[in-house]
Amino acid sequence: MLRAVEPGPAVVVCSTCRVSPDQREDAGGQRGGALLAEALRDVQRADPALAGVAVQEMPCLFACQRHCVVHVRAPGKVGYVLGGFRPGEEEARAILEYAARHTASAEGVVPYGEWPDGVKGHFITRTPPEGFVCT
């Protein structure tokens, strides 16, 4: 069930997420999560400054009450699960900009004033890194 990936900062995309609350796939039969992963990689190709965060995919993050769900993580840092995105360039850029700030932070905590507008209202959970709890 587990597949090894390179350690380091990453946005893990739920590849099986719906396109929207009402639509499972787009007209071409692609799931929203797969489209979002593609959009994230497109943004990285267009803006190499955002390429320091890996885009990884896995089926089902078990946050099915939301669509287009991602997990922002980095070793030794608080992680976050976000959802409710549209699978497009604007959303992908906001996710990657947040992930880059998360990576640059000491513990994975990005001050609210530094959050891109596109991630505000999308947070579902935060997860402490192994061996820690948040205070």
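I began with terms: two strands pair if DSSP finds at least two bridges between them. Helices (H or I, at least four residues) and strands (E, at least two) are DSSP runs, numbered from the N terminus.

I noted that this is a predicted model, where local features need pLDDT of at least 70, side-chain atom pairs count only at pLDDT 80 or more, and totals for chains, interfaces and linings use all residues. Residues are numbered from 1 along each chain as its sequence is written, and side-chain values use heavy atoms, with hydrogens and water left out.

**Strands E1 and E2**

I looked up the bridge partner of Val 13 in E2 and found Glu 57. E1 (residues 10-14) and E2 (residues 54-58) pair in the parallel sense, over five bridges. I then followed the chain from E1 through helix H1 (residues 32-46) to E2; this β-α-β crossover is right-handed. That term means that, with the strands pointing away from the viewer, the path from the first strand over the helix to the second runs clockwise.

**Helix H1**

I checked the length of H1. The expected span is 1.5 Å times one less than the number of residues. For the 15 residues of H1 that gives 21 Å, and the end C-alpha atoms are 21 Å apart, so the two agree.

Next I listed burial (buried is under 20% relative accessible area, exposed over 50%, partly exposed in between, with a 1.4 Å probe and protein chains only). The buried residues of H1 include Leu 35, Leu 36, Leu 40 and Val 43. The buried residues of H1 pack against E1, E2, strand E3 (70-73) and helix H2 (89-104), where contact means heavy atoms within 4.5 Å.

Asp 42 is also in H1. I found Asp 42 partly exposed, at 37% relative accessible area. Its C-alpha atom is 7.8 Å from that of Glu 89, 47 residues apart along the chain.

**Aromatic rings**

I counted six aromatic pairs. Rings of Phe, Tyr and Trp (its six-membered ring) pair if their centres lie within 6.5 Å; planes under 30 degrees apart count as stacked, over 60 as edge-to-face and the rest as tilted. Tyr 80 and Phe 123 are edge-to-face, 5.6 Å centre to centre with 90° between the planes. Tyr 80 lies in strand E4 (residues 79-82) and Phe 123 in strand E5 (residues 123-127), so this pair ties together parts 43 residues apart in sequence. Tyr 80 is buried at 9%, while Phe 123 is partly exposed at 22%.

I also noted one aromatic cluster, formed by Tyr 80, Tyr 98, Tyr 112, Trp 115 and Phe 123.
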